[in-house]
Amino acid sequence: MTAYLLNLATLSAIFGILAVSLNMLVGYAGIFSMAHAVFFGLGAYAGAQIALQVIPDVLLAAIVAALFAAACSLCLALPALRVRGEYFVAASLGLQMLASTAFSQAQALTGGIGGLVGIPPPMLLGLDVSSAPAFLVVCLAFLALCLIGIRLLMRGSFGRSLMALRDSESAARAFGKDVAQLKTQAVAVGCAMAGLAGALFAFQEAFVNVESFTLEQSILVLAMVIIGGVGTLAGPLIGAVLLLLLPAGLSFLPFIPPTDIGSVQQLIYGLAMTLLMIFRPAGLAGRSVGQR
Amino acid sequence: MTALLTLNGLSKRFGGLTAVQGLDMELHEGVITALVGPNGAGKTTLFNLVTGNLTPDAGEVTLAGRTITGMAPHRVARLGIARSFQDLRLFTHMSVRDNVLASIERRAWLWQARGGSARRDATEAALERTGLLSLGRARAVDLSYAEAKFLSLARIMATGARIWLLDEPASGLDPASRRRFTALLRAAVAKGVTICLIEHNLDIVTEIADRIAFLDQGRKLAEGDPASIMRNPELRAIYFGERRE
Amino acid sequence: MLLLQLLASGIQTGLIYALTAAGFALIFGATRIFHVAHGATFALAGYAFLETAVAGVPWPLACLVSLVVAVGFGLFMDAFVYRPILRHEGSFFTVFVAAFGMVVVVQSVLELAFGRSFVSYSSTLTRATAVLPGLYLAPIFWVIIAVTAAILLLTGVFLGRSRAGIGLRALSENPELLRAFGLSARRLSALAIALGSALAVPGAVLMAATSGLQPSIGPHVMLISLAASIVGGIGSLRGAVAAGVLLGVTESLVVSILDTQWSESAGFVLLFGFILFRPRGLLGQPVPR
């Protein structure tokens, strides 16, 4: 039972990072990405390869994963600069579908459908952090770093510029904002954090494959952000914990056969997304989504 | 006297529609010029051509002798040309103070260390002069119409821009607010700011402007001091004829 | 001959996509609602047909049931999801998330009700025979071509000639004009959604009868119709149809060069390329940036 709870807590921290970083794109920069799982995946594969080929150091893997994901984030920044609204959502969906296929096909880098197995237990600067409580602490520390980082950024001129852009792009331009530069940076930071979360995920599971980086995962993370509340610091965290607890909670209900839990979970969060948008577009703890 | 901003043979077409045609104009330092003309005369298009939101089909815009034609809007802004919008375009979900602050932060790398306190001072000064200091923490979306108009001006004041392009800045204000607004513009001009504004209300125009440029169907029909333009019966016919429809 | 065979099956899938994309494009063109739940409409229509037909109901009646389900779902979305959101001026993303939520809901309901695996409906129409040496075609191939042509022709005539059709086109271009004609924008957008949803039915029925259905067909069709309407040029019905066929054929032909895994992605490469280099699509208007 303890092991189960520790696992849940660690996953909450990891998905917390993922949701918080997506919220930065959706809530502050007005970049509605449906491809966040792609960068989670890129980070996971990069982190796993570092652990397998070089050294299973969490810090190194996390840094490499973040940099790699940030570099690849140009794939998302490019359409974000060219088009917006529905077109950008479509482009990010397209990117997600392409990446899923690429992940399952690039046998040499990702292990294909089978994935990368046998990721060694994590170390941190020579210390063994492979025990469940130790790794939970590591993940929480990374989560705290990400939260502090985002808070500093959003409180500063960068955050104000992003929000100005979100509220009125033309006015932001008229006041000297370089929109391309701002959006590219925002996407890079958001994707870097997703990559970092990916590296942690790889260590936690000791195994990664394409299943974790599909459209369903992107939707799940988006649901976390939406349900928790867009544009707030705590909202996405609450959303992440809620949606991770959901399958666990459902498994206690005797009348749901275990094979249907996945579907019931989807049913609940799908319904939650729709109902929230109708009755409380601000989410459980937040302001309205993408108002202009 | 040399002009600060010069428009030379500026033309812009949208499909088959001519918005601006062969327009020449000069803005001089410390002068308030009003653009007047019926709807669709090309006034806002003219602003967009200067600020880089539109690229002219022909002609040239020069700022203090340097050509800025076709430059991206944010670069034009950084050269000291600030503008307001008819529909204001405030940063609606940000506080009043952040609206002003965000308008003067240009180099948005992840961190912008230098000059923070100078920008804060400029922000407070602009809020104080526009009478918005007590509303600093309110969200822009919650402001009254007049307050929003003053915030739109505060954003421009804080930038320290040399040239202000204002799109119907005082329309819809009550007489008292309008007097306050005019005083702010006068004070800015006294310090060397150059202002060009679009205005429909001729009372406001005569009250504020030093010069009037009369536009119709993308052409400049006349330019001169307010009294002589207002007396011109032909221009009055065009202006009021259009308006009465 | 393999190439010809792939081309034939590409056209077959492409026409089904074309019909669905046409519905999506019609709705988006008229109402500016990014109706991603169109995929859910498709899935519901397909399952409605399949379940009634398998239960022994004659197929024309099953098609009718499917039509009722599709139009009903579309109108439900309009009345209970889009209207309330648009009333308090929700942004496009609010609408998108709400519609997307329904796609997820419908998929999971279908999974719970009918299981996750493939279901299909076979009849003599679907048994392939050799038309040419090496080219196998089922009679349904010709049915699909005929049905698609007929329906698109009818839709075109309706939009071009009828009063309501002209109203639909005016809805997107000039809502002011509508008032002059005494047409209600609300009722017209409901009509657009009903009509667009109806256009998903033939595709759904044909897919149930050819390649079969599974609950995840909803998101899949949603992605395809979205891709087709963007590649074709948003708002352009003809563009959506052309792009639907193009996507189907591309998906199918890619198999001759790459692994089958890439077949679905090929369409998205196309989509991504169009968004980056020609966002207005094949036949669309320039995109306001």
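1. In this predicted model, strand E7 of chain B and strand E8 (residues 194-198) of chain B run parallel and are joined by five bridges. Within this pairing, B:Trp164 is the residue that stands opposite B:Ile195 of E8(B). Strands of a sheet pair through backbone hydrogen bonds, in either the parallel or the antiparallel sense.

2. The two strands belong to an open sheet of six strands in chain B, which follow one another in the order E6-E7-E8-E3-E9-E10 with mixed pairing. Strand E6 (81-83) and strand E10 (219-224) of chain B each have a single partner strand and stand at the edges, so one side of each is left without a neighbour in the sheet. From one strand to the next, the twist averages 20 degrees.

3. A helix accompanies this sheet: H1(B) lies across strand E3 (32-36), E6, E7, E8 and strand E9 (211-216) of chain B, and the direction of H1(B) makes an angle of about 145 degrees with that of E7(B).

4. Another set of strands in chain B deserves a separate look. Strand E1 (residues 5-14) and strand E4 (residues 58-63) of chain B pair in the antiparallel sense over five bridges, and here B:Ser11 has B:Ala58 of E4(B) as its bridge partner. E4(B) is also joined by two bridges to strand E5 (residues 66-67) of chain B, again with the strands running antiparallel, and B:Leu63 has B:Arg66 of E5(B) as its bridge partner. The hairpin of E4(B) and E5(B) has two residues between the strands, and in this hairpin B:Ala64 takes a positive phi near 50 degrees.

5. Chain B is divided into domain 1, which comprises 1-71 + 162-168 + 194-245, and domain 2, which comprises 81-161; the C-alpha centres of these domains of chain B lie 26 Å apart. In the contact between them, eleven residues of domain 1 of chain B meet eight residues of domain 2 of chain B. On the domain 1 side, the elements that give two or more residues are helix H1 (43-51) and strand E7 (163-167) of chain B, and the largest share, five residues, comes from E7(B). By class, that side divides into six nonpolar, two polar and three charged residues.

6. Which elements of chain A give two or more residues to the side that touches chain C? The contact as a whole takes 37 residues from chain A and 40 residues from chain C, and the elements in question are helix H4 (74-82), helix H5 (86-105), helix H11 (215-228) and helix H13 (261-279) of chain A. H5(A) provides the largest share of this side, 13 residues, and the side has 22 nonpolar, eleven polar and four charged residues.

7. The contact of chain A with chain B takes 22 residues from chain A and 24 residues from chain B. Here the elements of chain A that give two or more residues are helix H8 (157-167), helix H9 (169-174) and helix H10 (179-205), with H8(A) giving the most, seven residues. The residues on this side of chain A divide into eight nonpolar, eight polar and six charged.

8. Lastly, helix H8 (residues 185-209) of chain C has 25 residues and reaches 37 Å from its first C-alpha to its last, which is close to the 36 Å expected at 1.5 Å a residue. H8(C) is mostly covered, with 19 of its 25 residues buried.

Technical notes
Residues numbered from 1 in each chain as written. Chains lettered and ligands numbered in written order. Predicted model: local features only at pLDDT ≥ 70, side-chain atom pairs only at ≥ 80, totals over all residues. Contact = placed C-beta atoms within 7 Å. Helix = DSSP H or I, 4+ residues; strand = E, 2+ residues; numbered from the N terminus. Nonpolar A, V, L, I, M, F, W, Y, C, P; charged D, E, K, R; others polar. Pairing = 2+ DSSP bridges. Domains from an automatic or database assignment. Expected span 1.5 Å × (residues − 1). Buried ≥ 20, exposed ≤ 12 C-beta atoms within 10 Å, placed from the backbone. Axes fitted to C-alpha atoms, helices over the stretch in contact; angles between N-to-C directions.
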